[in-house]
Amino acid sequence: MKREIYQVTVTDLIHDGAQVSANGSRVERYTIELPPGCSQTMIMRRAKSVANLTGLKGVTVNYGDSYMFRPTGSMLGLYVDFVEPEIEETHD
């Protein structure tokens with residue numbers, strides 16, 4: 001079975017002493033694996049799930065090579081970047 005690899009970056013613009021980027025915001029990174037040909041909805045559901053943002057309403061923007069989710073009324077950004085896929089084949 002082939003799987004596609006996506007890099008998920010969550011940027012919180014409120015500094016709380018955790019891992020901090022150059023501009024002073026908190027950054028968390030996750031990697032998710034999904035089967036090829038997933039819809040934007042499926043990718044974003046999985047990304048929100050690993051970032052503990054399930055259930056938040058907001059706006060998702062498709063930039064072609066990445067997605068950005070911004071919850072309503074929040075200074076938080078969830079970015080899904082399409083990493084050069086490391087295709088794994090398993091022989092089940």
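## Getting started

Two strands count as paired if DSSP finds at least two bridges between them. Helices (H or I, at least four residues) and strands (E, at least two) are themselves DSSP runs, numbered from the N terminus.

Welcome to a predicted model, in which local features need pLDDT of at least 70 and side-chain atom pairs count only at pLDDT 80 or more, while totals for chains, interfaces and linings use all residues. Residues are numbered from 1 along each chain as its sequence is written, and side-chain values use heavy atoms, with hydrogens and water left out.

## Helix α1

Let's begin with α1, which spans residues 40-50. Its residues Ile 43, Met 44, Ala 47 and Lys 48 are buried (under 20% relative accessible area, with exposed being over 50% and partly exposed in between, for a 1.4 Å probe and protein chains only). These residues sit on the same side of α1 because they cover an arc of only 125 degrees around the axis, taken from the directions from the helix axis to the C-beta atoms.

Just after α1 comes Asn 52, with a positive phi of about 55 degrees.

## Strand β4 and its partners

Now look at β4, residues 66-71: five of its six residues are buried, so the rest of the structure largely encloses this strand. Strand β3 (residues 58-62) runs antiparallel to β4, joined to it by five bridges. Strand β5 (residues 76-81) also pairs with β4 in the antiparallel sense, over four bridges.

Tyr 67 is a handy landmark in β4: it is the bridge partner of Asn 62, and it stands opposite Val 80 in β5.

## The two hairpins

Three residues lie between the strands in the hairpin of β3 and β4, where Gly 64 has a positive phi near 95 degrees. The hairpin of β4 and β5 has four residues between its strands, and Gly 73 in that turn takes a positive phi of about 70 degrees.
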